[in-house]
Structure formats: structure tokens, C-alpha cells
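Here's a quick briefing on strand pairing, surface patches and ring contacts. Have the coordinates open while you read.

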Amino acid sequence: MIRVFAAALILVSGACVAIGQDDPAPEQSAFSTRYSLAVIDDATFYGGLSSPLPKVLNQVLVEPTFSLKYRDRWSFSGSLVGAETTFNDTVAHARVKEIYTAFSAGDFDFMAGRKMLRWGTGYAFTSAGVLDPPREPTDPGDRLNLNEGRDMVKADWMRGQHALTFAWSTGELARKGMTVPDTAAIRYNLLLRGFDTSLIAGNDSGSDAFGAITFTRVVGQAWELHGEGTWREKGAILLGAKYTTTAGITFIGEFYTPPNIPYYRSITVSPSAGRQHYGFLNAGKTRLRELPGWKEWDVSGSVVTNFDDRSYVIVGDVNRWFGNHLSSYVHLEIPRGHRGSEYSRAPYTTATSVGIRFHL
């Protein structure tokens, strides 16, 4: 069913684009609209399975997004994903990633609905992103766009180099199977001497209050430094940097150390393991060379490691564009470590995903 729906959407969208190219430009209107569509067919092949699981996971995803704006004051946006997943069984489901309305008045912005925020500064890890979607170090870019926002009301005040945000999020509307607390948080953001700095404080229902500080600093034309410090029962620290060479190769490195408490603990880490220390290193380049046959290729490679038990995951990504709307890709994960270590507990020795993505 999802496959038929995806094919129909592609045909209808292509027809709409063709019609729009023939029509004359419309007069300026108080309303403006934007939309996009992605259709993905993704297959993951598991090697070296240590449990009785199927060797192939296939997913077909349809991801439309849209927005409507009225006179730069009112806006309404939504992002959905419909998926047909074949693993043990074939299951179809739909999720609302984002759907919210916003209103601007002078220095104030107000928003209500489901929205994805990004208060954390880390690429692979975060402790200060209290309302952010969960980070996945082996897939920090959310390659299938499956992250969901939090249901909230939010108010922003901005003037000059100062910004103040208050947000209250509820877990009552989260989809079945997700455990999300009610969260009240406030963030003060200040740009001072080149440092983009934020102070964050708040409270999750049924737990202690938390506080955090984040910073981002651009140095010259090639370096970006970022970091977070968070106190939630105990302290968590993130330090990272990004460097881009003159050839366009980007390197990202991060060091992250969270306390071993329930809020931060991975399900594969023992409660008695103590504080954990993680590292992330990524190198990547878009448009390999500015030559025909090369500039359509994007490549990247990463290593995620737990320094305490010396387990790690090697990740590779290759993407190839065919025109402006179609691409194919390969995503590879190789977890390694001694028995009982965090990343060795994956039920496979390799996971290779291949897919085709249509964009509009």
C-alpha cells in the first residue's frame, strides 16, 4: 500500500511541477506556501547474526513536508512520515514528525504544536539538548529523517544579541511506546565576543532540576569549536571541534563523558559500570571533485568509540546523485569489541543499508 501511495505521489508531484512551469507567475499574495517530498526505499542486510532474526530489513518511506505563511506573522508547518516495514512481518504506520503553528509580533515569537528543537551543540552527542530528538552517534544526520519533535508551547523574545526562550513540553501526546516526561525549560542565548553562548535551566516532572551551558565559536575560516556542560544529578561534559580544509574535506571530533545515571545510561551499559567516556571522529566531503562524474558523489566515514570498554563502531556512507531529484546511497556499520562491551552487544557483525531516495 505504501509503495503504491509513494508512486502516486511522485507522479502527481511531477505533474504539478510541470504545470507550474507553464503557468505565468502569480501576483504577490499575502499567503506563501512551500512543500517538499521524499520517497525512500531502504534495505538493510545484517551479517553475522547472533540471534534468530531476519537477515534483511526493508523500509519504504514517504515523507511530505509543507508550510503556509501569512504576511510574515502567522505560519503553519507540518512534516509527516508514512512507512511500510518488512522484517518479521510487514507493518505500515504513519507518524507526525512536526505540526505546529507560530505567530510573530515585534520582538516576540510564539509557537504551539509538535516541533524539533536543537538546543544542544553536539553533532553525535548532547547532554544540554533537553528538548532535542535523541542523538544517534552512528547516524547523527538522521539519514532516514525519522526523528520526531516534542509537543510543546514556546515563547521567544529576541533583541539585538540577546534571546530568551521559554518552553513547556508534555509527554501526554507522545505516540504509544515512547516514555517522554513533562519538561519546563528556559534558555538565555547571548552572542558575546564571538561566542554563541546559552544558559539553560529546567525541570522534568518527577525528577530533579537541571542546568546547562553551551557555546559555539567560529575561529577564522576553517575552525568551529563547540561544547556543553550539564548538571543533572551529576555533571556531563561535551567538547568538540569541526575543521574544513581548503579542499572542502570536513573533520569533526567530539569527546563526551556522561555520568552513569538512568537519564544518560545506554541499555547496553551496566548500572555498575561508572562514568562513561566516548569519542567521535568523522571525515567527509561533498562533491568529491568539481569534475563531471565526480561532483555527484558524497562520501564520509566515522568511528564511534567507548574508551572505557574499548568497543567501537566503524561507519561509512557513500551517496551518488542522479540529477537534482534522485540519489542512491550505501550506509555501513561495523561494531567491534570484546564480549560484553557496549558496542559488541549489537546482534550483528555488519549492517549494510542500500537505498534510493527521490526528492522534490
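Thr85 has Val91 in β4 as its bridge partner. That contact belongs to the antiparallel pairing of β3 and β4, which runs over 13 bridges. This is a predicted model, where local features need pLDDT of at least 70, side-chain atom pairs count only at pLDDT 80 or more, and totals for chains, interfaces and linings use all residues. Residues are numbered from 1 along each chain as its sequence is written, and side-chain values use heavy atoms, with hydrogens and water left out.

**Strands and hairpins**

- Strands here are DSSP runs of E with at least two residues, numbered from the N terminus, and two of them pair if DSSP finds at least two bridges between them.
- A three-residue link makes a hairpin out of β3 and β4.
- β2 and β3 also run antiparallel, joined by 11 bridges; Val60 pairs with Glu84 of β3.
- Three residues sit between β2 and β3 in their hairpin, and Arg71 in that turn has a positive phi of about 50°.

**Nonpolar surface patch**

- Ten names to select: Phe31, Tyr35, Phe66, Leu68, Tyr70, Trp74, Phe76, Leu80, Val96 and Ile99 make up a nonpolar surface patch with about 880 Å² of accessible area together.
- Two or more of its residues come from each of β1 (31-47), β2 (56-70), β3 (74-86) and β4 (90-105); Tyr35 is in β1.
- Patch members need over 30% relative accessible area and no salt bridge, with nonpolar side chains (Val, Leu, Ile, Met, Phe, Trp, Tyr) joined within 5 Å and like charges within 9 Å.
- A salt bridge means a side-chain nitrogen of Lys or Arg within 4 Å of a carboxyl oxygen of Asp or Glu.
- Areas are Shrake-Rupley with a 1.4 Å probe, and for residues only the protein chains shown count as cover.

**Rings**

- The whole structure has 13 aromatic pairs (ring centres within 6.5 Å; planes under 30 degrees apart are stacked, over 60 edge-to-face, the rest tilted; Trp counts by its six-membered ring).
- Trp223 and Tyr243 count as tilted because their planes are at 40°, with centres 4.7 Å apart.
- Trp223 is in β11 (residues 223-232) and Tyr243 in β12 (residues 234-244), so this pair ties together parts 20 residues apart in sequence.
- Tyr46, Phe87 and Tyr348 form one aromatic cluster.

**Charges over rings**

- The test is NZ of Lys or CZ of Arg within 6 Å of the ring centre and within 35 degrees of the ring normal.
- Arg232 lies over the face of Tyr263, 3.6 Å from the ring centre, and Arg320 puts its charged end over Phe322, 4.7 Å from the centre.

Note on methods:
Helix = DSSP H or I, 4+ residues; strand = E, 2+ residues; numbered from the N terminus.
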